[in-house]
Amino acid sequence: MNIHEYQAKEIFRRYGVPVADGGVASTPKEAESIARSLTTDVIAVKSQIHAGGRGKAGGIKMVKTPEEAAKATRELIGKVLVTHQTGPLGKQVRKVLIEAGSIPKREFYLSILIDRSLARPSFLASTEGGVDIEAVAAKSPEKILKEPVDPAIGAQPYQARKIAYALGLGGPHLQATVNLILNVYRAFIETDASLIEINPLIVDQRDRVFALDAKMNFDDNALYRHKDIQAMRDLNEEDPREVEASRFGLNYIGLDGTIACMVNGAGLAMATMDIIKFYGGSPANFLDVGGGASTEQVTEAFKILCADKNVRGVLVNIFGGIMKCDVIANGILTAVKQVNVRVPLVVRLEGTNVELGKKILKESGLAIIPADSMADAAQKIVHASKTL
């Protein structure tokens, strides 16, 4: 789960990570009120969307008075920002962060994430702050320091000092930087975050080290332990189809292809998408109904798949283990009748009670195309979707 910058900064404050004073506003009046409470010569009005590149898209404005903050808010609220992370449709601004503006004297990059290759948290730090870290990695990889952390003992002060010195933040900035790094690690672990990114981390004109920006992502599987963080979820920032799928315990991710996939198991889902591509098609989604899907879940899955106007065919690829093939076959029939599927439907069943499942589908009288293998299923759905 992602959260907004202003929410990440609320968590930062809780853990002693320094950030600028400010607050979130949904109206010009609220923005003006917050701006009046700030002691600063410059006020930043920052659009709140789940995407980077806001500044380049005109989503961040620097003003000098509360009245100007209200005017900037009026211009930004309702605006659709298109950045390199939003896709061509962009994201609509519904809130802005009003905070004391800062003039960076130096900018850095700092993040912590899970390094899958090492199976442990790792810090990434660079003197090239304020720009995309991907660009730094591609052009100047030597400017990125990677510091893995042993989860058994946590981040150590010597590691924080190593990062600080690598950034050139020794001397009078050393202790503040060390404290910030250790507090970031504590926030990462205690909130079950999957990513904390500060870009940029700055030294301002008053020689203060603090986070000018803040980004946090969380492990969805751990949110039951953090009701306060779960309450920060902004459904407006998520794909409506993914939101609907989550209501029924379905794992769904929308893609831009034309062949919808319904499978049970993440590995089978990946293999299904791969084989569709292999035979010249393009998957429209990743949808995993899990190992024990009910008729209701299968029906809702079909509703979500068929609501996508780009879908020109549906491939159901089920391996019956815990979920028996005859049960999924009956679920498919119920779903097809309720949803009124108007595109070609290919079904491949394998596993427990497979012959019974195939018999149920064959005798249904519905226009369901059976398949005997993954390759057979992929070829049939690609051909059928192209001739629709």
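The model is predicted, so local features need pLDDT of at least 70 and side-chain atom pairs count only at pLDDT 80 or more, while totals for chains, interfaces and linings use all residues. Residues are numbered from 1 along each chain as its sequence is written, and side-chain values use heavy atoms, leaving out hydrogens and water.

**Helices H11 and H12**

Select residues 325–339, helix H11, together with residues 354–362, helix H12; the two pack at an angle of about 20°, with their axes 7 Å apart. H11 is therefore roughly parallel to H12 (angles under 35 degrees count as such). Next, display the side of H11 with Cys325, Asp326, Ala329, Asn330, Ile332 and Leu333, which meet Val354, Leu356, Gly357, Ile360 and Leu361 in H12 (contact means heavy atoms within 4.5 Å).

**Aromatic pairs**

Rings of Phe, Tyr and Trp (its six-membered ring) pair if their centres lie within 6.5 Å; planes under 30 degrees apart count as stacked, over 60 as edge-to-face and the rest as tilted. By this rule there are two aromatic pairs.

Select Phe123 and Tyr185: this pair is tilted, at 6.4 Å centre to centre and 45° between the planes. Phe123 lies in strand S8 (residues 120–126) and Tyr185 in helix H6 (residues 174–190), 62 residues apart. Phe123 is buried at 2% relative accessibility, and Tyr185 is buried at 9% (buried means under 20% relative accessible area, exposed over 50%, partly exposed in between, with a 1.4 Å probe and protein chains only).

Finally, select Phe278 and Tyr279, an edge-to-face pair with 5.0 Å centre to centre and 90° between the planes. Phe278 is exposed at 65% relative accessible area, whereas Tyr279 is partly exposed at 29%.

Terms used. Axes fitted to C-alpha atoms, helices over the stretch in contact; angles between N-to-C directions. Helix = DSSP H or I, 4+ residues; strand = E, 2+ residues; numbered from the N terminus. Parallel < 35°, antiparallel > 145°, perpendicular 65-115°, else oblique.
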